[in-house]
Each structure stands twice: as C-alpha cells, then as structure tokens.
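Keep the 3D view open as you read.

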Amino acid sequence: MSNGIYNIPTPTNEPGNTYAPGTKERETLKAELERQAGLEVEIPVIINGEEIKTDTVKQVVMPHDHKHVLATYSQAGEKELRDAVEAAMAAKESWSNMPWQHRASIFLKAADLISGPYRDVINAATMLGQSKTAYQTEIDAAQELADFLRFGVDYANQIYQMQPDSMKNIWNRLEYRALDGFVLAISPFNFTAIGGNLPSAPAIMGNVVVWKPATTAILSNYYFMRILEEAGLPKGVINFVPSRGSQVSEVVLTDPRMSGFHFTGSTSVFQTIWKTVGENITNYKSYPRLVGETGGKDFVFAHETAQADKVVAALVRGAFEYQGQKCSAASRAYIPASMWEEVKNGVVEETAKLKVGDVRDFRNFMGAVIDKPAFDSITSYIDYAADSEEAEIIAGGTYDDSVGYFIQPTVIVTTNPNFKSMTEEIFGPVLTIYVYENDQLEETLTSVDTASMYALTGAIFAQDREAIMHLERRLSGAAGNFYINDKPTGAVINQQPFGGSRGSGTNDKAGSIFNMIRWTSPRIIKENFAPTTDITYPFMDEE
C-alpha cells in the first residue's frame with residue numbers, strides 16, 4: 001500500500017503537425033498510408049481481452065476507392081454481446097477498486113502512445129477508412145483523442161477533490177463510486193476521437209464498458225483498442241463488439257444491469273434508444289444515465305455590419321471541411337441583401353477552387369462521403385433543390401460514385417427560409433443560403449431560432465458591438481456552442497466544451513468535467529468523532 005495524494009501531469013492541448021511539403025511528418029505519414037493500403041487487416045471481436053472470430057464477416061473499404069478492401073471484421077451476434085456484458089461485470093469489482101493513480105496511468109500512457117509511436121498508424125487508418133484529409137485527421141485522431149484522455153484524467157482528479165465542508169467533531173467525505181452496472185457506448189464514424197472517448201470517459205471513472213464502434217470507422221477504432229491494451233488496460237474493462245445496432249438494443253440495452261449509455265449519432269436513433277429505456281425502466285437495477293450528442297442544423301448568421309470576406313471563409317471552411325460530415329458543420333446561412341453579391345461571388349469563387357478526391361493526394365481539400373447510404377441521402381437533397389422553383393444551385397451540384405463516394409461541394413440559394421435543405425440535417429457537403437432584407441432582421445432571427453429542431457452550433461458575424469450583443473441574446477437557445485466572428489466548427493477540448501440541447505442531445509459537453517461527472521455515483525460518508533448520548537433536545541425543557 002502506497003499512501004500519497006498525487007499530482008497528475010498538468011494537461012495541455014496536444015500540438016499538431018502541419019504536414020507541409022518537406023516536413024518529416026509528411027514523409028512518415030505517406031509511408032504509413034502506403035503500408036496500410038497494402039494490408040488487409042482481420043479485425044476480431046475482443047471480449048475479456050480475447051480475440052473472437054465469428055461466422056459473420058464484413059468488409060472495410062476506402063470510401064474514396066470503394067473497391068479497395070482495407071480490412072475484414074467479425075460481427076458480434078447475440079452470444080458475443082451477452083458474453084461481453086458478462087465479461088464487463090466480471091471485471092467490475094477489481095477495476096472500480098483499482099487505486100485511482102493506476103487507472104489514470106493507463107489512459108495517460110495511451111495518450112502518449114497516440115501522440116508518439118502510434119500517431120502515423122491511427123492517422124493513416126483514419127484517413128483511409130474514413131476518408132479524412134491529413135489535416136482533418138491530425139486534429140481528430142492525434143490531437144483530440146490524446147486531449148480526451150489527458151483532460152479526462154485531469155477532470156476526474158478535479159471531481160475527486162470536490163469535498164464537502166465539515167464541522168467540529170464531524171468529518172464529511174464524498175466517495176466517487178462507479179455506476180452500479182456497466183456502460184454501453186455506441187460511437188459514430190466521423191471522429192476517431194469520439195470513438196475513443198465514448199468508452200474511455202466512463203472507464204476513467206472506474207466503470208466497465210461494452211463498446212459498439214461504428215463499422216465505418218472500425219479500422220481506426222480497432223487500433224485504439226489495441227493501444228489501450230498496450231497501455232495496460234485490464235481484460236474485460238472495455239469490450240470491443242462490432243455488431244448490428246438493432247441487436248445491441250435487443251440484447252445489451254435492455255439488460256437490467258445497464259447503468260449508463262454513452263452515445264454520439266443520429267437524433268432518431270437516440271430517441272429510439274431513450275424510448276426503449278423508458279419501456280424497460282422497471283427492469284433496470286438502477287436508473288440508467290443517458291448521455292448523447294446527436295444531430296445539428298448549424299447556422300452562420302451575418303449582420304449587415306459583418307465583413308464579407310470573413311463570412312466567405314467561415315462558410316467555405318465550415319461547410320466543406322471533412323465533406324460536411326461534422327455534427328458542427330455549417331449547413332444553413334443567412335446573409336443580408338446589402339452584402340449578398342460580395343458574399344455570393346466569394347463563395348462561388350472559393351468553392352470552385354476546392355479539389356475533391358483521394359485523401360492520399362494531399363492537394364485535395366475533400367475526400368469522399370462515408371458510404372453508399374450517405375451518398376444516396378445527400379444527393380437526394382441536391383436533386384430536390386435542382387428540381388425546386390424555390391432554390392438555385394450556384395456551386396457544385398454534381399456527384400459520382402463510380403470509384404469513390406464523391407460529392408462536389410454544393411451551395412444552394414433559397415427564397416424560402418423553411419426550405420427542406422434549410423431545416424433538415426443533411427450531414428454532407430451541402431450549404432443552403434437564405435438572403436434576407438436588411439429591414440427583416442428580427443423576423444430572420446426568429447427563423448434561425450425556430451426553423452429546425454436542433455441547437456448544436458451556430459455562428460454570428462458582425463462588427464457592431466450592439467449588434468453582437470443583440471444577436472447573442474436573441475439566439476441564446478439556438479446553439480450549445482456559439483461562435484462570434486468564427487466558423488461554427490473546430491471545438492477544442494478544455495477551450496470550447498462541445499454539445500447542444502433541444503434535438504441535438506443532452507448537452508453534457510464531451511471532453512469536459514460536466515460529462516465526466518455523469519459517470520460516477522457519489523456516496524457521502526459522515527463520521528462523528530463524538531457521538532451524543534442525549535435523547536432529548538433543549539427546546540423540550542420546561543420553562
């Protein structure tokens with residue numbers, strides 16, 4: 001037994017590489033891309049640290065070259081899912097009782113492995129498997145994932161230090177326990193960092209986890225699982241089970257021992273899960289903690305005092321980086337008539353410069369959308385706009401899936417603030433703009449606030465401080481992450497905690513102390529050093 005109150009390493013945001021021509025990191029990443037492109041990895045189910053191969057085997061392909069197979073993976077069935085739950089519960093007691101400094105050390109080591117020897121590995125897997133450019137991958141799979149782990153440990157340490165007051169003869173202590181059962185984590189395709197954080201955040205707080213990764217991000221997620229194992233994660237703490245979502249809902253979500261659910265994905269799926277939990281609420285041994293970040297219909301609103309060139313840059317970057325497949329991507333914009341021509345010319349000119357193609361060609365700004373269902377869904381909105389009398393496509397509008405799932409960055413202008421592509425989440429490289437008359441400011445702000453069910457991110461542009469104050473106040477409920485004179489994407493851990501409300505989720509702010517505290521069940525301990533022997537109270541004495 002070692003006694004001590006330890007100071008953990010003070011976290012700082014992981015610095016990023018530029019991958020500019022002539023840099024060493026560009027050279028080594030390109031070599032790793034070539035190496036991984038020549039492999040066909042076999043990805044097993046991992047339960048209790050054991051590799052399991054099943055009869056159902058699926059392929060992992062490059063979205064930008066969908067005939068190129070990167071890996072095959074075993075899909076977990078009902079038996080494997082039940083085994084994963086049992087493995088997690090078997091590991092629970094020893095993991096939750098492990099001294100905090102040893103739990104912390106595992107995730108700090110994993111962060112150093114990600115930012116060090118495995119940086120190229122997890123970056124290349126993300127680029128090839130999820131069609132991200134080198135820059136977008138670096139800020140995701142290397143920087144943000146390492147930040148999630150390091151700051152997660154730091155936030156846990158802060159929580160453990162939150163203690164109540166005591167008084168004479170009384171010592172009050174808060175003990176932060178793991179939740180009573182296991183946590184189910186279901187992660188998305190678009191961020192390797194989110195894939196890593198959803199199971200890791202509960203585990204840092206002493207919980208055991210069943211993790212269903214998105215199969216369209218399974219290669220990078222598999223490498224992260226291996227990194228955790230190399231960092232010393234005990235068997236059974238996190239169980240890696242690629243599987244069908246419907247079967248996970250049937251088998252794992254309804255298990256009476258499920259005590260937490262950590263999710264990033266679509267609003268409709270999260271609502272279905274919430275409904276399922278409600279229907280089974282009498283079966284659970286505890287009330288499950290439901291933490292979810294879901295959809296968005298993120299806006300950019302320009303005031304008449306905004307600088308047009310700044311608005312143009314925010315629109316193009318905010319809408320088209322990573323093919324618009326970010327929960328925070330700019331998807332709708334409101335531009336005053338007085339600056340529309342300047343903004344229009346700038347957006348059309350800059351969008352035309354964007355190159356779309358294989359992410360291994362570093363000259364490309366965009367890769368492919370993630371898969372065929374996404375391609376079909378996104379292009380249906382483009383076709384709808386092309387056929388509508390209320391809309392005009394001023395940039396892009398073309399697509400081709402013969403080699404990869406490529407969609408040109410598309411800009412739609414509509415005369416209807418409630419047009420389909422202004423109100424529904426598209427999750428692709430499609431930006432819709434509504435031009436408002438300068439004297440219709442208040443009506444347009446109402447439309448921004450009410451046109452969609454979401455409230456994730458939003459940005460305003462203005463130079464006048466009174467205008468900024470007014471827009472900030474009027475749109476106070478429209479976005480959980482609100483940006484002034486900046487694009488609505490690019491939240492950084494420990495700087496802009498990420499999450500929204502309304503139809504966008506529970507707003508528990510991933511990568512923050514608010515999220516981490518959801519994964520603990522505090523117990524207050526009151527110790528009396530001088531117990532009383534009195535039975536009666538002074539007020540009972542006769543006068």
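Let's begin with F261: setting aside neighbours within four places in sequence, F261 is in contact (heavy atoms within 4.5 Å) with V183, L184, I186, L253, F270, I273, R289, L290, V291 and W519. F261 is also one of three residues, with F107 and L184, that touch the most other members of the largest nonpolar core, which has 101 residues. A nonpolar core here is a set of buried Ala, Val, Leu, Ile, Met, Phe, Trp, Tyr and Cys residues joined through side-chain atoms within 4.5 Å. Helix α5 gives the most to this core, with 12 residues. Another core lies apart from it, with 39 residues, among them F301, A368, Y436 and A478.

A word on the ground rules: this is a predicted model, where local features need pLDDT of at least 70 and side-chain atom pairs count only at pLDDT 80 or more, while totals for chains, interfaces and linings use all residues. Residues are numbered from 1 along each chain as its sequence is written, and side-chain values use heavy atoms, with hydrogens and water left out.

## Rings that pair up

The structure holds 20 aromatic pairs. Rings of Phe, Tyr and Trp (its six-membered ring) pair if their centres lie within 6.5 Å; planes under 30 degrees apart count as stacked, over 60 as edge-to-face, and the rest as tilted. Take W100 and Y160: their ring centres are 5.1 Å apart and their planes stand at 90°, so the pair is edge-to-face. W100 lies in helix α3 (residues 100-115) and Y160 in helix α5 (residues 134-160), so this pair ties together parts that are 60 residues apart in sequence. Helices (H or I, at least four residues) and strands (E, at least two) are DSSP runs, numbered from the N terminus. W100 counts as buried at 16% relative accessibility, and Y160 is buried too, at 19%. Buried means under 20% relative accessible area, exposed over 50%, and partly exposed in between (1.4 Å probe, protein chains only).

Y222 and F240 make a tilted pair, 6.2 Å centre to centre with 50° between the planes. This pair links distant parts of the chain, 18 residues apart: Y222 sits in helix α7 (residues 218-230) and F240 in strand β9 (residues 238-240). Y222 and F240 are both buried. Ring pairs also link W211, Y222, Y223, F224 and F240 into a cluster.

## Charges over rings

The charged end of R173 sits over the ring of W171, 4.4 Å from its centre. K420 has its charged end over the ring of Y384, 5.6 Å from the centre. The rule for this is NZ of Lys or CZ of Arg within 6 Å of the ring centre and within 35 degrees of the ring normal.

## Strands and a loop

V45 is found in strand β2 (residues 45-47), and it counts as buried at 0% relative accessibility. Neighbours within four places in sequence aside, the contacts of V45 include E50, T54, S74, F240 and P242. N7 is 38 residues from V45 along the chain, and their C-alpha atoms are separated by 37 Å. Over in strand β5 (residues 65-74) you'll find T72, buried at 16% relative accessibility. Not counting residues up to four places away in sequence, T72 touches E40, V41, E42, I43, V57, K58 and Q59.

G236 is in the loop between α7 and β9. Is G236 buried or exposed? At 1% relative accessibility, G236 counts as buried. Leaving out neighbours within four places in sequence, G236 is in contact with N48, G49, A87, A88, A91 and V208.

## Positive phi values

Y19 has a positive phi of about 60° although it is not a glycine. Y19 lies in the segment before α1 (24-37) and is buried, at 3% relative accessibility. N507, another residue other than glycine, has a positive phi near 55°. N507 is in the loop between β22 (501-502) and α16 (513-516), and it is partly exposed, with a relative accessible area of 29%.
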